[in-house]
Structures are given as C-alpha cells and as structure tokens.
Amino acid sequence: MAGQPLNQPAEIPAELDRWNWGAFFLNWIWGIGNSTFIALLALIPVVNIIMIIVLGARGSRWAWQNRAWRDAEQFRKTQRNWAIAGLAVWVVGIGGCATMVGSIPYVLKGSDAYLMTMDRLRADDRVKAALGDDLTDSFWVGGHLNVDANGAGDAQFGIPVHGARGKGTAYSTAVRTAGTWSLRLLVVRVEGTDAPIVLINEDHVPIPNAAIGI
C-alpha cells in the first residue's frame, strides 16, 4: 500500500529493542531527527532528568514506530550514528568544562594581585619561621579576580601553602585603583596553631577562619 511504513509491523524486533545511547545523549535533538516528539519534554526543567532516562530505555522502540525504515540494518546503522554523535558531543562538552575549570588557577596565579600576595608571604620572617624558607602554593586555589574597563578591580584569594616546617592557608584581599594593586588583608593560618599570622589588615576586618568561598 502506498505510504505504508517499511518497518511494519510496528512492534520492534527483539534484537533492536535495546538501550538507545543517541536518545539518551542528544534527547530532544534525537527526537526531532527520529520523529519522536515526546522527546521535547527533555526541554522542561526537572522533567528532563526523568525524560532522558526514559528516552534511553524506550527510544529504540519509539524510533522504530515513528519513522519508516528500509530494514533492520538501516535502523541499526542510523541509531549507531546517533549514539556516536551523542557521545562526541558529551566528550567535547565535558572536556571543555574540565579545561575551563582547570584554567581558573592559572588565571588567578597569573594576576599581579596573586603574585604580590605570594611575594609578601615569602618575604615575611614570621611566615618563614612557621612554614619554612621554601614556601610554595598548591595548584588549586580559591577566590575571585575582577578588573573593569576603568582599571579598577578587586581580588580575594584562599591559598593553600606549605613549606619544610609546616602548611597552612593564606587569605588575602586586594583592591586595584588606577591600574595599581594594593593589599588590604593578608593573613596566614598555620595548621596546628590557633593564632593567625596577620601580615596586613588595613580595614580591621575579622580574620577568616575557613577558606574564602567566592
């Protein structure tokens, strides 16, 4: 009969009724490409969490029913291509996020405010006595750095530091005016010691007790 789908009967063969990775990874995009428009529910917040799992479980069955397929091999190849495309998108997306997160310490550490902080720490005799002359920072640091078009800005850091004699965390706050950074707060809390080493506290703010969450 003219116009009758070539994949009749509508019941999917058992060997094709399996988890659909293309539907799981690409959800609504896969749905449009496979005439399975229920997949558009994946655009709705909260519902999408459930929907992507449902699509993975039932996607093959819905795609078989909603599109005309020449034979099982065409269906299998098409769904495999969707799965490969979906995996590629996720790998690129996750890789991009990981790269972005991993680049944050480099951005912070390359700033003048951060370099000024580390120079001041390494020059302080009290810090040397507590942590050692070979003071160094860890790769992961917390904080934020803001600079606007007018040259003003601010920065806050929570820096894990260590040396031959001990380790601790340095907390600093800096402001940038007319292109020049100045430290407003610089404190080191040494592990195993209650009293902090206060190098600078220009604004007389409370001394941080934990890592700066910014």
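**View A. Pairing of strand 3 with strand 4.** In this predicted model, strand 3 (residues 153-162) and strand 4 (residues 167-177) run antiparallel and are joined by 10 bridges. One of the residues that can be followed across this pairing is Gly-153, whose bridge partner in strand 4 is Arg-176. The two strands, strand 3 and strand 4, form a hairpin, and four residues lie between them.

**View B. Pairing of strand 4 with strand 5.** Strand 4 also pairs with strand 5 (residues 180-190), again in the antiparallel sense and over 10 bridges. Thr-177 has Thr-180 of strand 5 as its bridge partner, and the hairpin of strand 4 and strand 5 has two residues between the strands.

**View D. Surroundings of Arg-189.** Arg-189, which lies in strand 5, is shown with the residues that it contacts when its neighbours within four places in sequence are left aside. These are Gly-168, Thr-169, Tyr-171, Asp-194, Pro-196, Ile-207, Pro-208 and Asn-209. The view also takes in Val-127, which is 62 residues from Arg-189 along the chain, while the C-alpha atoms of the two residues are separated by 9.8 Å.

**View E. Crossing of helix 1 and helix 2.** Two packed helices are described by the angle between their axes and the distance between the axes. For helix 1 (residues 21-33) and helix 2 (residues 47-66), the axes come within 9 Å and cross at roughly 70°. Because angles of 65 to 115 degrees count as roughly perpendicular, helix 1 is described as roughly perpendicular to helix 2. Helix 1 passes helix 2 in a left-handed crossing. On the side of helix 1 the contact is made by Ala-23, Phe-24, Asn-27 and Trp-30, and on the side of helix 2 by Ile-52, Leu-55, Gly-56, Gly-59 and Ala-63. Sorted by class, the contact of helix 1 with helix 2 has six nonpolar and three polar residues, and no charged residues.

Notes. Residues are numbered from 1 along each chain as its sequence is written. This is a predicted model: local features need pLDDT of at least 70, side-chain atom pairs count only at pLDDT 80 or more; totals for chains, interfaces and linings use all residues. Side-chain values use heavy atoms; hydrogens and water are left out. Two strands pair if DSSP finds at least two bridges between them. Axes are lines fitted to C-alpha atoms, for helices over the stretch in contact, and angles run from 0 to 180 degrees between N-to-C directions. Angles under 35 degrees count as roughly parallel, over 145 as roughly antiparallel, 65 to 115 as roughly perpendicular and the rest as oblique. A crossing is left-handed if the near helix is turned anticlockwise from the far one by less than a right angle, and right-handed if clockwise. Contact means heavy atoms within 4.5 Å. Ala, Val, Leu, Ile, Met, Phe, Trp, Tyr, Cys and Pro count as nonpolar, Asp, Glu, Lys and Arg as charged, and the others, Gly among them, as polar.
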